Amino acid sequence: MSKVSVFGAGAWGSTLAQVLCDAGNEVLLWGRKDEVVNEINSKHTNSKYIGQNVLPTELRATTDLEEAFAFSKSYVLAIPSQQLRATLQLWKPYFSDDCLIVSTLKGIEISSQMRMTEVMEDVIGKHRIALITGPNLADELILRQPAGAVAAATNQATSEEVRALFRTPYYRVYTSVDLLGCELAGAIKNVIALAVGISIGMGFGENTQAMLITRGLNEVARLCAAHGADPLSAAGLAGMGDLVATCGSPLSRNRTFGELLGSTGSMDAALGKWDKTVEGVSSSGAIVEIAHRVGIEVPVIESVADIVNGSLTPAAALQRLMEITTKAENFIR
């Protein structure tokens, strides 16, 4: 049995804490809010984030940051991606040199265009850092429905260590040493899901969705290849798998907000009816900058970024996409 500290008592942190308990680990869940932590400890529920689903009785929660860091040397981070840098700057003294840090974050830092694991190294220095990613919707995984994921790191030993922490009869975890590719794919799919949602909100059907998903996947693969990652990571659970789940499910915030954006026709109108974080909105512009930096054309991602920044309406963005000259369909060219 391993000890694991999970940071973030929202829907995803609570769900992964359950997975880790089911995998036979001793788990301590850290949260900011007293009422959430008290409910987890007394009722074994977290009604604000996961409804009335019952968490394992052996799961403990705390608001004491020092206690959470002292509990183990395996840290799972499930906090908002755009708050990562500021949070780590406060937490930096607590990370030991020999700890294992597992990121669950999918996004690109807006100000620096860094991936989340790059932000971690930039703030706290070199550590053993890994990623758990894949087509995992919290509302389904909390019910212990069968799912798959990828434990990615820069070396096989670390990825296997993370796989062992999370593997359960219902959570099938594979390994990868392509941390960069898996992380990029996980961040970019949020933007493609926004595009799919926008098309649904505009009243278009499966043909349009399939075109956006497939061409979006091509953009993911080309961006991965341009950064020296394995373009085939885009065809695995971290890429295609996550893309299918995020684009196809009404449980996905990115797709759902995209539908609202497509039906209202503007960011201002959509935001007026929405109060949750949508990672694709935050990172779309940064991903365009990353693509331009390595000379890669990403018309689907660019269209979403232009809708988000207000320079194009959804209708104008789709028209621009459809007017692009088509060439040979190649996976990574």
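Domain bounds here come from an automatic or database domain assignment. The model is predicted. Domain 1 spans residues 1-176 and domain 2 spans residues 179-321; both give residues to the lining of the largest pocket, so this pocket lies between them.

The lining of the largest pocket is made up of 45 residues, and Gly10, Ala11, Trp12, Arg253 and Thr277 lie nearest its centre. Helices α1 (11-22), α3 (47-50), α7 (138-141), α9, α11 (237-248) and α12 each supply at least two of the lining residues.

For the second largest pocket, 19 residues form the lining, with Arg215, Ile324, Thr325, Thr326 and Lys327 closest to its centre. Two or more lining residues come from each of α10, α15 and α16. The most come from α10, which gives six.

| Pocket | Property | Value |
|---|---|---|
| Largest pocket | Volume | about 1500 Å³ |
| Largest pocket | Lining by class | 18 nonpolar, 16 polar and 11 charged residues |
| Second largest pocket | Volume | about 720 Å³ |
| Second largest pocket | Lining by class | eight nonpolar, four polar and seven charged residues |

Helix α16 covers residues 314-323, and its buried residues are Pro314, Ala317, Leu318 and Leu321. Viewed down the axis of α16, these buried residues fall within an arc of 95°, so they line one face of the helix. An α-helix has 3.6 residues a turn, so residues three or four places apart point the same way. Among the elements that cover the buried residues of α16 are α9 (179-201), α10 (206-226), α12 (253-264) and α15 (299-308).

Definitions and conventions. Residues numbered from 1 in each chain as written. Predicted model: local features only at pLDDT ≥ 70, side-chain atom pairs only at ≥ 80, totals over all residues. Heavy atoms only, no water. Buried < 20%, exposed > 50% of the residue type's maximum accessible area, 1.4 Å probe, protein only. Helix = DSSP H or I, 4+ residues; strand = E, 2+ residues; numbered from the N terminus. Arc of directions from axis to C-beta. Contact = heavy atoms within 4.5 Å. 1 Å grid on protein atoms, 1.4 Å probe; cavity = no way out; pocket = protein on both sides within 12 Å on 5 of 7 lines; lining within 4 Å. Points joined across faces, edges and corners; volume = space filled by probe spheres on them. Nonpolar A, V, L, I, M, F, W, Y, C, P; charged D, E, K, R; others polar.
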